[in-house]
Amino acid sequence: MRLLIVGRLSGELVTASKIAMNRGASVTHADGIDQGLAALRAKGGDLVMVDVGLDIRRMVQALSDERIRTPVVACGIASDARAAVAAIQAGAKEYIPLPPDPDMIAAVLEAVAADARSFVWRDPSMERVVRLAEQVARSEASVLITGESGTGKEVLARHVHAKSNRGNRPFVSVNCAAIPDALLESELFGHEKGAFTGAIARRIGRFEEANGGTLLLDEISEMDVRLQSKLLRALQERVIDRVGGGAPVKVDIRVLATSNRNLAEEVKKGTFREDLFYRLNVVHLRLPPLRERLADILELTAHFARKYAELNGLPLRPLAREAQALVARNPWPGNVRELENTIHRAVLLAQGSEIGPDAILSPEGESLAAPAVSGPVERAASAAEAATRGLVGRTVAEVERDLILDTLDHCLGNRTHAARILGISIRTLRNKLNEYVEAGLQVAEPGGVRAVAAYG
């Protein structure tokens, strides 16, 4: 964690600096806005703490103009409420009252240092990926992480960094898809003053900012093929050239890359360099989509339900059995990101002691469950279509699970009757039910009462 404190070093700011250093932060000081901007251009940073008496709006705007994405928090005397409001309106993310409270500063540092998405997994298919990731984490090998959008590629990359020998050094991420091609070269390699219109001062790029640590090239498949050659040289020779610069700059980094495309296919199409592909693809980690990770769906659902209940000051409500079944069989084309947003809405909309299926809604407020139909012919046709469509893309284990649980419900929890209908032994049935309870599902007990599964 690299903290920049901007403002005259009063006793309160000195105390804040010492607290941050005791929490493991590397602290740099700048007297004013211009000096602070110069420090960020030269060294980068994870967080800027600015005296509320300075022009915070100018600081925030300058960072935006130069595409420096370091968050800004304001600090000032506790009684100056008007200045605190003005600082937030000017673009500060938070206000820290002085004299500083150690717990508050620690919380702000932790919030910035922590990844926005927690790394949660339980499914065996995900366990295999994580095990391989941790096995190669301490090496210097480049790692290519692929998977559909929203599967958690950046979260896994951060986990690899945390487990590596560079874990206490910077982790810098660049989204290659979010930055225009004309600006991406400067973002990666930095530029000298006057290199192009708007280059008002020398600025280091993400390669230099990540020096000693890890650089994540997110969605690298979106990078223009002409820039790929310069990237390849940087990876091979460990030197970069700033835009407009005359002398190469040495860097010591470990590179991770992600893509939601098949890079081997992009190589065949000529949109991605083959030599760069092999340079990045020393180790390949493929994240399976959420629809292939049943145990992760339920584990993440419980995690997000807890997270957003606490965040919004609401009581923790478990998902009702029907809601769990609805969540488990949804295909989640947006993967973890879509699931998180859906559970956040459900936490806000739920009423009563449980989160029911009526709270599991799309962003437009539509139910994820199949709409009701009226007549017997329509119901039969809808049921047949749903049964056929519901099997496509699902594993045998998923279909078997739903069949067993539905049959058990029909038998009011009677194991003997359910096993007879299913054509399996009572022992096999009990083993299956134990697996479902461990996966976080609720299982009907004799008499129709549902046993509540505890989330681990």
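**Notebook: core packing and aromatic pairs**

I began with Leu217 and listed its contacts in this predicted model: leaving aside residues up to four places away in sequence, Leu217 touches Val174, Cys176, Leu188, Leu231, Val255, Leu256, Ala257 and Thr258.

I then looked up the largest nonpolar core, which has 31 residues, and found that Leu217 is among the four that touch the most other members, together with Leu188, Phe207 and Ile220. Two or more residues of this core come from each of strand S7 (171-175), H8, strand S8 (214-218), helix H10 (225-237), strand S11 (254-259), helix H11 (263-269) and helix H12 (274-280), and H10 gives the most, with five residues. Another core lies apart from this one and has 23 residues, including Leu4, Ile68, Ala74 and Ala92.

Next I turned to the aromatic rings, where I noted two pairs in the structure. Phe189 and Phe207 are stacked, at 5.2 Å centre to centre and with 25° between the planes. This pair links distant parts of the chain, with Phe189 in helix H8 (residues 181-189) and Phe207 in helix H9 (residues 206-209), 18 residues apart. I checked their accessibility and found both Phe189 and Phe207 buried.

The other pair, Phe277 and Tyr278, is tilted, at 5.2 Å centre to centre and with 55° between the planes.

Notes
Residues are numbered from 1 along each chain as its sequence is written. This is a predicted model: local features need pLDDT of at least 70, side-chain atom pairs count only at pLDDT 80 or more; totals for chains, interfaces and linings use all residues. Side-chain values use heavy atoms; hydrogens and water are left out. Rings of Phe, Tyr and Trp (its six-membered ring) pair if their centres lie within 6.5 Å; planes under 30 degrees apart count as stacked, over 60 as edge-to-face and the rest as tilted. Helices (H or I, at least four residues) and strands (E, at least two) are DSSP runs, numbered from the N terminus. Buried means under 20% relative accessible area, exposed over 50%, partly exposed in between (1.4 Å probe, protein chains only). A nonpolar core is a set of buried Ala, Val, Leu, Ile, Met, Phe, Trp, Tyr and Cys residues joined through side-chain atoms within 4.5 Å. Contact means heavy atoms within 4.5 Å.
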